Structures are given as C-alpha cells and as structure tokens.
Amino acid sequence: MAEPLLEVRNLKVHFPTDDGLVRAVDGISFQIMPGETLGVVGESGSGKSVSFLTVMGLISRREAIIEGEVIFQGQDLLKLPPEEMRHIRGARISMIFQDPMTSLHPFYRVGDQIAEAIRAHQKISKKEAFDQAVDMLRRVGIPKPEERARQYPHEFSGGMRQRAMIAMALSLNPDLLIADEPTTALDVTVQAQILDLIDRLREEFNAAVVIITHDLGVVAEHCDHIQVMYAGKIVEYGTAEDIYYAPHHPYTWGLLGSITRLDEESKGRLRPIKGLPPSLIFVPPGCAFHPRCPYAFDRCRVEVPELLPVDGHHAAACHLPLEDKRRIFAEEVAARA
Amino acid sequence: MSTQLTERPVTPTEQDRTPLVRLRGVKKYFPITRGIIFQKRIGNVHAVDGVDLDIYPGETVGLVGETGCGKSTLARVIMRLYDPTEGAIEFEGRDITRLKGRALRELRRNMQMIFQDPFASLNPRRTVGSIISEPFRLHKTVPKDRIKAEVQQLMELVGLNPEHYNRYPHEFSGGQRQRIGVARALALRPKLIVCDEPVSALDVSIQAQILNLLEDLQEEFNLTYLFIAHDLSVVKHVSDRVAVMYLGKIVEMAPGDTLYRNPKHPYTGALLSAVPIPDPRLAAQKKRIILEGDVPSPIDPPSGCRFHPRCPSAQFPICAEQEPTLEPMRPGQVVACHFPLPDRAIIDEGANSERAAAAPEAPPAG
C-alpha cells in the first residue's frame with residue numbers, strides 16, 4: 001500500500017476557557033491517501049473545522065492545548081517551527097473557507113491577491129505572478145480573466161468569489177486542498193458548479209481533497225471516503241457506499257433520517273435526532289451520543305466506544321452488536337419508505 | 001396510500017374554495033435614485049414583477065428560487081410590510097392592497113411571519129416571555145392576568161420548557177430560538193404563517209425537529225403556510241404545491257412530486273438537477289442540466305423570457321422576444337415556457353426501474 005499523504009494520530013485540541021476545558025477535538029486518527037477525496041460530516045461544534053485548522057497550523061498553542069501527531073509527507077507538522085510551517089501552508093496544503101466574502105480582502109484587486117499568495121512562496125516577478133493569477137482564474141472557469149483579475153472582490157458574485165478563492169488555493173499546486181463548507185453560502189446551482197470544479201481540478205492537479213460539510217448530500221457524489229464526527233470524535237468512517245447504504249452508527253442513522261430528500265415519494269415524516277448536541281465542556285461520560293441515542297444501553301453510559309473497523313475500512317464507534325445494527329438500519333429504511 | 005403520485009389531485013382545487021390569499025399581477029419595484037437633495041429616479045430594481053398566486057386554506061405553498069429572485073420581497077408584500085407597486089392582494093376575498101392604520105393592524109392578527117435568522121429576529125434585551133407576549137399586549141386579545149399562562153402554554157406547545165419564561169434569547173440554542181419565533185408567530189392564532197427560510201440557519205438534526213413541529217402545528221390549528229426556502233428538498237418535503245421563482249416571476253408551479261418527476265421549465269430542471277441527493281447510486285444516475293453564468297441583474301431583466309440567456313433549450317428569436325405566460329400542463333402544474341422539457345428530464349429511466357422494482361409504481365402519465 002502506498003504511503004498516506006496525511007496521517008493524523010490521536011489528535012486532541014482542547015481550549016481552556018473561563019467556564020472550563022472545551023474539548024473541541026478529542027482524540028481522532030485518520031489517513032488521507034494521495035489523490036483521494038475525504039468527506040468530513042458533522043453538525044456545528046462537532047470539531048470538524050477545528051481538526052483541519054489544526055492540520056493547517058492555524059490554531060495557536062497559545063490558545064489551545066494540542067496533542068497528537070499530524071504526519072504530512074513524513075513530517076510531523078505539529079513539531080515544525082512556525083517558519084517552516086509557513087512554507088507548507090498555502091503551498092503544499094491549502095484551504096478554502098465557507099464565506100468567500102470575508103476571505104478576500106476588499107481593498108485589493110483579486111488578481112493581486114492571488115499573485116501575492118504565489119509570490120509568498122515563489123521568487124518570481126510581480127508581472128509573472130499576475131500572469132499566473134490570470135491563468136489560474138481562467139482554469140477555474142472565470143470568463144474574461146484578464147479583466148476580472150483587475151477587479152475588486154465586491155464586483156464578483158458569490159460563486160465567482162469562491163472560484164477566485166479556489167484559484168488562489170490551487171495556484172501553488174498543493175498536494176492537499178481542504179475545503180471547509182465551500183458551498184454552504186451559495187445557491188444550489190452555484191454549489192453544483194463549484195463541486196464539479198473541485199472534482200475536475202482534483203484530477204487536473206492530482207491533489208487530495210477534504211470536503212468539510214454538514215450536508216450529507218454534498219459528499220455523496222464527490223467523496224471516496226466519509227468520516228462522520230460527533231462531539232470531537234470520529235464516530236464512523238467508511239466509503240460513501242458504507243455510509244449511505246449500511247451505516248453502523250446511530251448518529252449516522254439520525255443524520256440520514258433528518259434530511260429531507262428530493263427523491264422521496266410523498267410527505268413522509270422526518271425522523272430527527274432528539275435533543276441537542278452536547279456541550280463540549282461537559283461531554284457526557286461513555287459514548288458522547290448516548291443521551292440522544294434511542295438504542296443506548298448500560299455499557300454506553302460508562303464505556304467510551306472505540307472506532308473499530310468492521311469489514312476492511314468501515315469503522316464505527318458504537319457498542320451495539322453488528323447484527324443489531326444491520327437489523328435496526330433495515331427497520332429505519334423501511335420506516336421511511 | 002396512493003402510489004400514483006403524478007396524478008394525485010392537488011389538495012384543494014381551484015373550483016370550489018376561495019383562496020386565503022390571492023395575488024393578481026403583483027409587482028414591487030425598488031427605485032434607484034441619484035442625487036442628494038433632488039433625488040432623481042434613474043431606474044428600478046424589478047424585485048417582484050407580476051406574480052399571480054392563490055394560496056388555499058390549510059395548504060402549504062412552497063416558494064423556491066435562487067438568491068435575489070424576489071421570494072422574500074414577495075413574502076413581505078403579502079404581509080403588507082412593503083406596499084406593492086402594482087397589482088392586487090386579497091385576503092379571504094377582501095382587497096387588502098391599500099389597507100392602512102387600524103384595519104391593517106387587525107389584518108396582521110391573521111398573518112404572521114417566521115424569519116430566517118433566529119439570532120437577529122429576537123430582541124436580545126428582552127426575556128422570552130416578553131417576546132412571546134408582545135402580540136397579546138399589542139392586540140389585547142388576552143386579558144393581562146392571563147398573559148403569562150397563555151405564553152407558557154405556547155412555549156410548551158412548541159417544545160420549550162415553560163419554566164424558561166424569564167430567560168433571554170442568548171441562553172437558547174439556534175433551534176430553540178427558532179421555536180421562540182414560532183411561538184411568537186402562533187400567539188394570535190393566525191390563519192396564515194409566512195415562513196421565510198425558517199430552517200436554513202440550523203443544523204440538519206435540528207432542521208428536522210423544526211419541520212416536524214411546523215407540520216404538527218399545521219394539523220392542530222389548520223394553518224396555511226407560505227414556505228420560502230432556497231433548499232428545494234426542504235420545500236418539496238413540506239409543501240403541497242411548489243412555485244419556482246426566477247427574476248421576480250413565477251416560472252413553474254406544481255405539486256412537489258410532479259415537479260421532481262416531470263419538471264417542465266428548464267430552470268426548474270436545472271435547479272432540481274443541482275440539488276445533491278444523499279444517495280450515491282441515485283446521484284450518479286441523475287441527469288444534469290448545468291447552468292452557465294449568474295442570475296442577470298433585476299434592474300434590467302432580459303427581454304422575452306427572462307431565463308433565455310442561460311437556458312440550454314432556448315430557441316431564437318422567439319424566446320428573446322415573446323414573454324411566455326403560465327400555461328397548464330398536468331393537473332395542478334403550470335409552466336411559463338415556449339419549449340417545455342420532455343417528461344422525466346432529470347431522473348434517469350434506469351433509476352426509475354430500480355425504484356420501481358423496490359416499490360411498484362404507476363405508469364408515467366400523459
């Protein structure tokens with residue numbers, strides 16, 4: 001098997017606050033292979049963004065207690081001095097964010113901002129960098145890129161801005177692109193365009209892609225593997241097929257039961273997860289999901305379930321026996337239909 | 001349960017009942033002015049540009065469209081928060097287009113609104129009790145000494161703990177705040193509730209809770225909803241009929257299932273095909289209509305059919321010259337298009353036969 005591009009081992013990110021320790025990420029381990037697309041799904045506060053901000057080196061040790069290892073191409077990023085991290089961030093790992101309006105500086109021309117990112121990592125002239133920026137804008141499908149590069153962010157529409165952000169993120173040909181809710185602020189038609197673009201560029205640039213989202217629909221079409229996060233932990237990991245057709249964690253069942261589906265025939269009733277996500281300061285003992293889980297039993301209240309692989313790659317952190325899971329999920333599907 | 005959904009009669013039909021809300025040729029233009037002292041009108045934003053819509057008692061009408069298509073403006077025009085530039089609005093058969101003062105306030109008792117952002121729509125300096133009881137104090141429908149009991153009953157109804165009467169909005173999560181918004185809207189037992197993106201700001205598991213709550217309340221109080229959202233799957237889930245808006249006009253209207261199976265307007269098709277489906281196999285079989293470019297400016301909308309510059313099936317010159325009107329297609333379906341899509345333009349035959357194998361399905365109509 002090939003070397004993983006990124007391997008995260010037992011990563012913990014805890015924020016000390018006046019109210020107590022916020023366990024935003026609480027011991028997660030996963031791998032990303034070169035060229036693969038990983039979907040990270042979870043609700044607000046599940047730790048999905050914080051884990052990848054930590055991978056990017058954007059969470060400072062002054063504000064958080066960070067433990068574990070983040071091995072990228074054989075190097076532990078958490079041990080790198082900030083100087084060296086700066087060479088990796090943006091050039092070999094880059095990130096795009098949810099809100100393209102606040103990620104671009106309103107006072108500078110779009111082309112100059114992309115050129116600046118390029119010049120931060122490559123010793124080339126301003127002119128050359130600007131030409132590269134124009135070329136990148138063309139590759140992400142912005143019409144008349146020469147003109148557009150000389151415009152300001154407010155002259156771009158939401159979809160265009162996200163394209164510009166993608167152009168900037170890919171301008172240095174990174175090995176890993178992290179997209180944090182890249183389409184949440186956009187209309188569906190634009191969302192489809194952007195997701196297709198990310199797919200196409202992943203092939204063109206041969207980069208691995210992480211798509212962080214709360215929408216299980218977004219990742220169905222675009223990801224090889226999906227990991228579901230809850231209260232700072234990975235609760236299930238598997239291929240798209242595993243997650244949608246044979247999920248093993250009650251939280252994943254709950255997520256699937258909560259979404260409205262276009263392809264569903266009539267007005268079926270949704271089957272939401274009861275209650276609210278837990279506070280990350282007072283995480284419930286045992287399985288963090290047990291207070292909301294309709295299938296919880298005694299063991300769930302005391303023992304933290306480990307993320308154990310069932311068959312090959314598919315893993316779930318749940319104490320329920322496999323036969324029960326298969327039966328319950330079959331019932332859930334029947335109840336919806 | 002009927003499986004023949006394409007032919008399912010639309011819940012209330014046009015013949016027998018008076019609509020609760022009736023819109024005829026409603027337009028709302030916002031002026032663009034230049035100059036400081038002498039403001040010269042140099043143009044108009046055609047936010048809503050000629051909408052006819054009937055909403056029948058007890059039904060849910062969904063309104064979808066991309067950002068800037070005028071769906072929220074239309075909602076505010078119906079609520080009489082904006083005065084329409086042209087056209088007529090009727091509520092229970094009464095013309096309310098120019099209603100003012102006391103008469104308007106009386107009317108508002110019957111129509112309430114739930115807003116998108118549960119953080120911005122609640123006054124942070126007032127307790128939940130005082131927020132929910134505001135309608136009682138304004139309309140004096142409940143004697144003073146009964147207000148607290150009434151509010152607590154409402155809180156219980158929407159799934160809030162009545163003991164939290166004296167708490168402030170910041171002490172609640174997003175989903176709970178949206179429940180506060182629902183309780184406030186419900187206080188005067190209105191007939192119509194306009195929900196403007198009520199779940200867009202919430203996490204999926206909370207979204208589902210709120211959607212179920214809205215459904216329960218509709219049943220209990222026989223409410224009529226106008227449900228606005230940009231998320232087609234949410235709109236289809238809650239609505240009896242769905243209207244699709246593009247640049248200030250309704251381009252198609254049909255029951256949700258009909259719309260999903262046989263969208264007729266190319267814009268509806270594009271919108272539907274762009275919605276991600278949480279089912280990898282089905283998603284792979286879906287045909288895609290990808291739209292190029294962005295929505296044109298509503299200041300100077302395109303001639304003829306407004307969708308023609310982005311339409312994959314536009315034919316010239318007709319589409320650029322003649323504006324299509326809403327024509328009936330199937331039962332309950334109306335479309336404004338010169339060249340409507342063929343049947344089953346989005347979902348693949350393969351996907352259908354697979355689904356048919358799982359659940360026997362009626363042959364396609366028409």
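Which residues of β9(B) are buried on one side, and which on the other? Keep that in mind while we go through this predicted model; the answer comes at point 3.

1. Let's start with chain B as a whole. Chain B contains twelve helices and twelve strands. Its 366 residues would give a radius of gyration near 21 Å if they formed a compact globule, and the value for chain B is 22 Å, which agrees. Along the principal axes, the C-alpha trace of chain B spans about 65 × 65 × 40 Å. Buried residues account for 46% of the 366 in this chain. If you take the contacts in chain B between residues at least 6 apart in sequence, 66% of them join residues at least 24 apart.

2. Next, have a look at the open sheet in chain B. Eight strands build it, in the order β6-β7-β8-β3-β9-β10-β12-β11, with mixed pairing. The edges are taken by β6 (111-114) and β11 (327-328) of chain B, each with a single partner strand, so each has one side without a neighbour in the sheet.

3. Now for β9 of chain B, residues 241-246, and the opening question. Six of the six residues in this strand are buried. One side has B:Arg241, B:Ala243 and B:Met245, the other has B:Val242, B:Val244 and B:Tyr246, and both faces are covered. That every-other-residue pattern is what you'd look for, because side chains in a regular strand alternate between the two faces of the sheet.

4. What does β9(B) pair with? Strand β3 (residues 60-64) of chain B pairs with β9(B) in the parallel sense, over four bridges. Here B:Val61 stands opposite B:Arg241. Strand β10 (residues 249-255) of chain B runs antiparallel to β9(B), and six bridges join the two. B:Arg241 turns up again in this pairing, with B:Pro255 in β10(B) as its bridge partner.

5. The β9(B)–β10(B) hairpin has two residues between its strands, and B:Leu247 takes a positive phi there, near 50 degrees. Moving on along the sheet, β10(B) pairs with strand β12 (residues 334-335) of chain B in the antiparallel sense over two bridges. B:Glu252 has B:Val335 in β12(B) as its bridge partner.

6. After the helix comes B:Gly159, with a positive phi near 85 degrees.

7. Over to chain A, which has 13 helices and twelve strands. Its radius of gyration is 21 Å, close to the 20 Å that the globule rule gives for 337 residues, so chain A is as compact as a globular protein of that length. The C-alpha trace of chain A spans about 65 × 50 × 45 Å along its principal axes. Among contacts in chain A with a separation of 6 or more, 64% are between residues 24 or more positions apart.

8. Chain A is divided into domain 1 (6-223) and domain 2 (248-336). Their C-alpha centres lie 30 Å apart. Where they touch, ten residues of domain 1 are in contact with seven residues of domain 2. On the domain 1 side, β2 (20-32) and α9 (216-222) of chain A are the elements that give two or more residues. The largest share, five residues, comes from β2(A). By class, this side of domain 1 has four nonpolar, three polar and three charged residues.

9. Last, the contact between the chains. Chain B puts in 36 residues and chain A 38. On the chain B side, the elements giving two or more residues are α6 (204-221), α7 (232-238), α8 (256-261), α9 (266-274) and α10 (280-285) of chain B. With seven residues, α6(B) provides the largest share of that side. The chain B side divides into 21 nonpolar, nine polar and six charged residues.

Note on methods: Residues are numbered from 1 along each chain as its sequence is written. Chains are lettered from A and ligands numbered from 1 in the order in which they are written. This is a predicted model: local features need pLDDT of at least 70, side-chain atom pairs count only at pLDDT 80 or more; totals for chains, interfaces and linings use all residues. The radius of gyration is taken over C-alpha atoms; the globule rule is 2.2 Å times the number of residues to the power 0.38. A residue is buried if 20 or more other C-beta atoms lie within 10 Å of its own, exposed if 12 or fewer, and partly exposed in between; C-beta atoms are placed from the backbone. Two residues are in contact if their C-beta atoms, placed from the backbone, lie within 7 Å. Domain bounds come from an automatic or database domain assignment. Ala, Val, Leu, Ile, Met, Phe, Trp, Tyr, Cys and Pro count as nonpolar, Asp, Glu, Lys and Arg as charged, and the others, Gly among them, as polar. Two strands pair if DSSP finds at least two bridges between them.
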